[in-house]
Amino acid sequence: PLVTTGELVARAATDRAAVPAFNIITLEHAEAVVAGAEAAGAPVVLQVSENAVKFHHGRLLPLARAAAAVAEQAAVPVALHLDHVQSDDLLRQAPDAGFSSVMYDAAHLPYADNLAATRAAADWAHAEGLWIEAELGQVGGKPGQPALDAHAPGARTDPAEARAFVADSGVDALAVAVGSSHAMITRTAVLDHGLIERLAAALDVPLVLHGSSGVPDDELTAAVTGGITKVNVGTALNVAMTGAVRDLLADRPDAVDPRAYLGVGREAMARTAERITALLRARA
Ligand code: G3H
Ligand code: ZN
């Protein structure tokens, strides 16, 4: 069934587990993630990023409606989340498109601008009944200097600054910079577990790990023990899908029906989603 992100994250926090949030690009991604979650017997979040919307000719509804239908018919609870939103126009489409939550991404702005934009987005989201996540990267040293993107390698979120940011913006969850970075193909990230614990102690909202594709299993489970409650995964699905498609087409150069290669791609994504979902749920 389709549920809300807020309830899945709250339940994960109570269990000291984490809910995996997978980025979907195609219908097959949504089907694969839900099949993997069903095999693992645990809930998941399907998330659509602003970049995925751009790929679909700037239109949110076609993929959103497909994902909502997949979620409604799932045997496990599934929520829909709009990810890495910078456009106010896209943000405002979230409720009608079936999303219960959004991640508002102004982390590239200087601190004061990030805070002002995020507070306005949070006020709007709460009036609409949406759960909202925001991001605080590493703030630059000089006034007016842009923040270091939260997922630049080496970026770190400061606990005292994060505490003030959450209090002043009113967000429901915070994406933090603790050593992961987006779009890693190899699983070689090393997380700052001491910082995760200090952030968890300083904040009374759930912590979100982005760029989790590059994080090895033992580092992920340690991060959940330390206080990470939502784990965002995108690239790992695409590595699995593309590898399977490449192998199929190499084996069968005469293949023309897309179901042949989309089918193996979907199956490979399902196994990846199952493994990660089972890993995070295992911390409960
Ligand atoms: O918001 C999405 C995630 O941070 C995905 O990052 O593609 O590196 O797993 P990833
Ligand atoms: Zn991200």
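This is a chat about a few annotated residues and a ligand shell in a predicted model.

Trainee: Hi! Which residue does UniProt list for "active site"?

Mentor: The unreviewed UniProt entry lists Asp 83 under that name.

Trainee: And where is Asp 83 placed?

Mentor: Look along strand S4, which covers residues 78-85, and you will find Asp 83 there.

Trainee: Is Asp 83 buried or exposed?

Mentor: Asp 83 is buried, because 27 other C-beta atoms lie within 10 Å, and 20 or more is what counts as buried.

Trainee: What does Asp 83 touch?

Mentor: Leaving out residues up to four places away in sequence, Asp 83 touches Asn 23, Gln 47, Val 48, Ser 49 and Met 103.

Trainee: Where is Asp 105 found?

Mentor: Asp 105 sits in the loop between strand S5 (101-104) and helix H6 (111-127). Glu 135, on the other hand, lies in strand S6, residues 131-136.

Trainee: Why does Asp 105 count as buried?

Mentor: Asp 105 counts as buried because it has 25 C-beta neighbours inside 10 Å. Glu 135 is buried too, with 27 other C-beta atoms within 10 Å.

Trainee: What does Asp 105 touch, skipping residues up to four places away in sequence?

Mentor: Asp 105 touches His 84, Val 85, Gln 86 and Glu 135. So the two annotated residues, Asp 105 and Glu 135, are in contact, because their C-beta atoms lie within 7 Å.

Trainee: Now the ligand. Which residues come nearest to ligand 1?

Mentor: There are 16 residues around ligand 1, and those that come nearest are His 210, Ser 213, Asn 232, Gly 234 and Thr 235.

Trainee: Which elements each supply at least two residues of that shell around ligand 1?

Mentor: Strand S4, strand S9 (228-233) and helix H10 (235-251) each do that. S4 is also the strand that holds Asp 83.

Trainee: How many of the shell residues are nonpolar, polar and charged?

Mentor: The shell around ligand 1 has 11 polar residues, 4 nonpolar and 1 charged.

Trainee: Last one: where is Val 53, and what is it in contact with?

Mentor: Val 53 is in helix H3, residues 50-55. Setting aside neighbours within four places in sequence, Val 53 is in contact with Val 48, Gly 58, Arg 59, Leu 60 and Leu 90. Val 53 is buried, with 23 other C-beta atoms within 10 Å.

Notes:
Residues are numbered from 1 along each chain as its sequence is written. Chains are lettered from A and ligands numbered from 1 in the order in which they are written. This is a predicted model: local features need pLDDT of at least 70, side-chain atom pairs count only at pLDDT 80 or more; totals for chains, interfaces and linings use all residues. UniProt positions are given in the numbering used here, feature names are shortened, and annotations may be inferred rather than shown by experiment. Helices (H or I, at least four residues) and strands (E, at least two) are DSSP runs, numbered from the N terminus. A residue is buried if 20 or more other C-beta atoms lie within 10 Å of its own, exposed if 12 or fewer, and partly exposed in between; C-beta atoms are placed from the backbone. A residue is near a molecule or strand if its C-beta atom, placed from the backbone, lies within 6 Å of it. Ala, Val, Leu, Ile, Met, Phe, Trp, Tyr, Cys and Pro count as nonpolar, Asp, Glu, Lys and Arg as charged, and the others, Gly among them, as polar.
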